Amino acid sequence: MNSLDLAIIGNCTFSALIDSKARIVWSCMPRFDSDPVFCGLLNGDNDSDRGIYDIELQGFTRSEQYYRRNSAVVITRLYDSSDGVVEVTDFAPRFKHFGRVFRPPTIVRHIRALSGSPRIRLRIRPTYDYGKGEPETTRGSNHLRYVMPHLTLRLTTDAPITYLAEEVPFILERPISLILGPDESLTSSLAETARLFRERTASYWREWSRALSIPYEWQDVVIRSAITLKLSTFEETGAIVAAMTTSVPEAAGSQRNWDYRLCWLRDAYFVVHALNRLSATKTLEHYLSYISNIAVNVGSDDLQPLYGLSLAHKLDEYTVDGLAGYRGNGPVRVGNAAYTQIQNDVYGAVILAAAQTFFDSRIGRPGNEDLYRELAKLVQMAVQKFDKPDAGIWELRTIASVHTFSALMCWAAADRLGRIADRIGHSAEAAAWRQHASQMQRRIMEEAWNEELGSYVSTFGGDQMDASLLLMHELGFHDGKDPRFVGTVAMIEKQLRKGDHLFRYIAPDDFGVPETAFNVCTFWFIEALAVTGREAEAREMFEGILACRNKLGLLSEDVDPETGELWGNFPQTYSMVGMIKCAMRLSRKWEDAF
């Protein structure tokens, strides 16, 4: 049965997900949002024989899987019933070459026997058109070519081509390598190319990890999350996708199946914060460039909640019928209609992210007058929209209200632009923006506060709780010890907490009552516990959510609070960011560790 016990490989162009039996069950090529070449993850509740890249060990009994230390190179060991052991090494090449980063849409697999005389069968079954089409396959002396409408892939190998083409089991008598990528001939021997790619890719990731700023505690958690966050970057534009998958539902049968291979502005501030804390400055700069391009290109239009990898603004949503869905939980969706929604929080998200360019001296292209003027246009829109109904941060599809979090983010937009104006010498404009922020703050404190509950609430004049209110301290609206913030945290805990997990809300929405906890909300709550003085509880709860990670240390979007099972798209950028920020907030200081 399919699960989210998956490893991820990639190179900031594309990625692939590998299950515990070394099967590649998901990979979109040549980039994250492409038609999946391997789509077995969404092909029903069984061991699918379509859309997989399988190394099938005869007499299989168990497996082990782990990452090479501080890298994106995955090792899977397969054990058979006759003391045979096969080791599979998987990676996507990424390293410096001729002064540039070499990152082709290529999967390299190296297979060797560690003991015994294991027999394996290679099943390489790419598809296109979301599982409906089978490529035309042609055969060469040492390669197979898969011809699809959107690309042609060449599998070059030193394994017997006949055994691959006919899927015949054979004894693994010597190490073999397989390189699946663009339809190009290799310029050196296959074995040497695979070895060199493997060594240089592992070295790249080790060196990248060495440059990270990490806390004293939970170092492995932070490094693995940081590498995964880096893997979620489409480096060509700087975009960072919300997740690698589409349509893994938030809960079984929930219909909450969305395409997350896109870029949400609501993630921007939190991603920038995490990258800043990690000192991942190049990745941070690339991402800020992507955000700045959105700010400059939007013109007089409303900001959308999300954009494509190449700044595409039209992301029409449709369902496909070639795939049954994760464990049979359809539909499978491509694109995301949320791009048409009005979400007023996005103005604050862009300003908060872009502000980094004006205050961080490490940035190669600092914010300037032109960018400030473009941001000022967005903040003017935020001032106008701050108390208008919208779909809110959680993208309610048929319910519009004046959401407190949206108003809060509009306030943050004006507040931060005032600071930027001061920074670049526009004192009079700074005062004007601060006045707007002060007026919005008073309105929020009056209209979003529920005296009976002793808490802020989800909507102006409402009575429901929303986990996004936990960010009031993070955004600087209230001090962590302010009685109003403490009361809000207490009411959120009372209504939304279940064990070591937090729901984003519990009120019915377009799809009924939510069934699973939203992982990033749990991390927000952990940070809120810490700032309100409940640090021991925060640490205990943090360990609880860490226990829900899969065996490779990765998290999806949601978790079942009863079983701890992962649901939702995978791996989730929000979740990686949450782990990084919580670990850095809760860890003992290096100075106090010795």
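**Notes on loops, strands and overall build**

Reader: Where does Glu395 sit?

Author: Glu395 is placed in the loop between helix H8 (369–385) and helix H9 (404–423). Helices (H or I, at least four residues) and strands (E, at least two) are DSSP runs, numbered from the N terminus. This is a predicted model, in which local features need pLDDT of at least 70 and side-chain atom pairs count only at pLDDT 80 or more, while totals for chains, interfaces and linings use all residues. Residues are numbered from 1 along each chain as its sequence is written, and side-chain values use heavy atoms, with hydrogens and water left out.

Reader: And what's its backbone doing, what is phi of Glu395 near?

Author: Phi of Glu395 is near 60°, which is a positive value in a residue other than glycine.

Reader: Buried or exposed, that Glu395?

Author: Glu395 counts as buried because its relative accessibility is 13%, given that buried means under 20% relative accessible area, exposed over 50%, and partly exposed in between (1.4 Å probe, protein chains only).

Reader: What about Leu311, where is that one?

Author: Leu311 belongs to the loop between strand S22 (306–307) and strand S23 (318–320). Its phi is near 70°, again positive in a residue other than glycine, and at 25% relative accessibility Leu311 counts as partly exposed.

Reader: You mentioned S32. What order do the strands of its open sheet take?

Author: The 3 strands of that open sheet come in the order S30-S31-S32, and the pairing is antiparallel; two strands pair if DSSP finds at least two bridges between them. Strand S30 (517–518) and strand S32 (566–567) stand at the edges with a single partner strand each, so one side of each has no neighbour in the sheet.

Reader: How many bridges join S31 to S32?

Author: Strand S31 (residues 558–559) is joined to S32 by 2 bridges, and Val559 has Leu566 of S32 as its bridge partner.

Reader: What does S2 do with S3?

Author: S2 and strand S3 (residues 24–28) run antiparallel and are joined by 4 bridges, and Ala16 has Ser27 of S3 as its bridge partner. Their hairpin has 5 residues between the strands, and Ala22 there takes a positive phi near 70°.

Reader: Are the faces of S2 covered or uncovered?

Author: Both faces of strand S2 (residues 15–18) are covered, as Ser15 and Leu17 on one side and Ala16 and Ile18 on the other are all buried.

Reader: What does Ile9 touch?

Author: Ile9 is placed in strand S1, and it counts as buried because its relative accessibility is 0%. Not counting residues up to four places away in sequence, Ile9 touches several residues, including Phe14, Ala72, Val74, Phe91 and Ile107; contact means heavy atoms within 4.5 Å. Phe91 is 82 residues from Ile9 along the chain, yet their C-alpha atoms are separated by 5.6 Å.

Reader: Zooming out, what share of the contacts is between residues 24 or more positions apart?

Author: Such pairs account for 65% of the contacts in the protein with a separation of 6 or more. The protein has 14 helices and 32 strands, and buried residues make up 62% of the 594 residues.

Reader: Why would 25 Å agree with a compact globule?

Author: A compact globule of 594 residues would have a radius of gyration near 25 Å, and the protein has 25 Å, which agrees; the radius is taken over C-alpha atoms, and the globule rule is 2.2 Å times the number of residues to the power 0.38. Along the principal axes, the C-alpha atoms fill a box of roughly 75 × 55 × 50 Å.
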